[in-house]
Amino acid sequence: MMRSAGIAHAGGSPRRVTVDEARRVAVRAQVLDGSARGVLATIRRLGFLQIDPIATVAPPQYLVLWSRLGAFDRAELDRLLWVERQLIEWNAFIWPVESLPLLQALMRRNRRSTTYSWERRSREFLARNPGFRRYVRREFERRGPLRGRELDDHAVPGEGVDDRWFGARRVGEMLETLHHRGELAVVGRRGGERVWDLAERWYPPTDTVPLREAERLLEAQRFRALGVRRDGEGWVAHPEVEDGPIPDRATLLSPFDRLIHDRVRTEALFGFRYRLEMYVPRAKREFGYYVLPLLVGDRLVGRAEPIVDRTAGTMRVLGAWGDTSRLDEALVELAAFLDVERADRRRA
């Protein structure tokens, strides 16, 4: 029986820090100080990894790890997920399996809650499609792990209108809905497509954690992983994360990296305004489509827009802004990790 992933009680209380101290604490907490050792240990310290199919440079789950570990064996992430099962995929994030009892509390909440429009939509979708739900579960019981394309669309007439996320076929919506509610689990990937199965066949037995306790523990994990948070006009640091000099290393960050995920926090902490402009019309972009911030030590000093052509095996830089004196250093390491050749870099 897997027990809940509790948070060790710190030996002190959150402490007030200056913005310079807060910046160093944040970089240390996010394991960007050169202390990262191994894929599993790094994800445990971060709490989770966001998954996204965008691969202009590399999918964020790989790029976030590279920023901390340097070159690593990408097959190790798959092995930890699908063979050793020390990691799980849920709700577009990769989590340490120790977090499963807490996530299952959120799954149970998703079955009941109608607070948000997507929750109401999911309940209504299931209410209209009980036969479709039974069919999906029965197919998994009978056939084992399946991709969405291996299931027929048994949605009731009228559901087949093109949807923003799922299109005209509603198999994807049924799989996602049952996944969020803890009935189905992602058990692998084939060619980038998720492979699904019944959750009870994939997840290990766990303790039941009350929702409020799960939310408290997850929030404590987030604070520990971020290192600092705003408190009025100042900053408060987690007692378990130390301040201290940050090694003078240069690396590029994914737009989905948690160090910069909160754009308002990033600007207040680093004096660095960053926005992901991939959904901004080209003519209105300030920088580029998929721009990566450049972190040197504990400072965000510049940004660049590399793009990888996997067919040609090359990486080009479409633009670079700010202090790019250390950019080549980071690009050399990134190209080596992606096993591509660098093309000429064009400065903005």
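## Aromatic rings and charges

Arg85 lies over the face of Trp202, at 3.6 Å from the ring centre. A charge is taken to sit over a ring if NZ of Lys or CZ of Arg is within 6 Å of the ring centre and within 35 degrees of the ring normal. Another such case is Arg74, whose charged end sits over the ring of Tyr62, 6.0 Å from the centre of that ring. This is a predicted model, in which local features need pLDDT of at least 70 and side-chain atom pairs count only at pLDDT 80 or more, while totals for chains, interfaces and linings use all residues. Residues are numbered from 1 along each chain as its sequence is written, and side-chain values use heavy atoms, with hydrogens and water left out.

Rings of Phe, Tyr and Trp (its six-membered ring) pair if their centres lie within 6.5 Å; planes under 30 degrees apart count as stacked, over 60 as edge-to-face and the rest as tilted. This rule gives 6 aromatic pairs. The Trp82 and Trp202 rings have centres 6.5 Å apart and planes at 45 degrees, so their pair is tilted. Trp82 belongs to helix α4 (residues 74-83) and Trp202 to helix α9 (residues 199-202), so the pair ties together parts that are 120 residues apart in sequence. Helices (H or I, at least four residues) and strands (E, at least two) are DSSP runs, numbered from the N terminus. Trp82 is buried at 17% relative accessibility, and Trp202 is buried at 11%; buried means under 20% relative accessible area, exposed over 50%, and partly exposed in between (1.4 Å probe, protein chains only). One aromatic cluster is formed by Phe48, Phe93 and Trp95.

## Helix α10

Helix α10 (residues 211-226) has 16 residues. From its first C-alpha to its last, α10 reaches 22 Å, close to the 22 Å expected at 1.5 Å a residue; the expected span is 1.5 Å times one less than the number of residues. The residue after α10 is Gly227, with a positive phi near 85 degrees.

Which residues of α10 are buried? They are Ala214, Leu217, Leu218, Gln221, Phe223 and Ala225. An α-helix has 3.6 residues a turn, so residues three or four places apart point the same way. The buried residues of α10 pack against helices α1 (19-29), α2 (39-46) and α5 (100-112), and against strands β4 (93-96), β8 (228-231) and β9 (234-237). Contact means heavy atoms within 4.5 Å.

## The three-stranded sheet

An open sheet of 3 strands runs in the order β1-β9-β8, with antiparallel pairing; two strands pair if DSSP finds at least two bridges between them. β1 (15-17) and β8 are the edge strands, each pairing on one side only. On average, neighbouring strands of the sheet are turned by 45 degrees against each other, direction ignored.

The antiparallel strands β8 and β9 are joined by 4 bridges, and Val228 has Ala237 in β9 as its bridge partner. Helix α1 packs on this sheet, where α1 touches β1, β8 and β9. The direction of α1 makes about 110 degrees with that of β1. Axes are lines fitted to C-alpha atoms, for helices over the stretch in contact, and angles run from 0 to 180 degrees between N-to-C directions.

Strands β12 (residues 299-309) and β13 (residues 314-322) run antiparallel and are joined by 7 bridges. They form a hairpin with 4 residues between them, and Gly313 in the turn has a positive phi of about 70 degrees. Ile307 stands opposite Arg316 in β13.

Ile307 is also one of the contacts of Thr56. Thr56 sits in the loop between β2 (49-50) and α3 (60-69), and is buried at 16% relative accessibility. Beyond residues up to four places away in sequence, Thr56 touches Tyr289, Tyr290, Pro306, Ile307, Val308 and Arg310.

## Other single residues

Thr42 is in helix α2 and is buried, with a relative accessible area of 1%. Its contacts, again without residues up to four places away in sequence, are Ala36, Arg37, Leu65, Arg68 and Leu69.

Ala92 has a positive phi near 70 degrees although this residue is not glycine. Ala92 is in the loop between β3 (87-90) and β4, and is partly exposed at 39% relative accessible area. Asp339, likewise a residue other than glycine, has a positive phi near 60 degrees. Asp339 is in the loop between α12 (327-338) and β14 (341-345), and counts as exposed at 67% relative accessibility.
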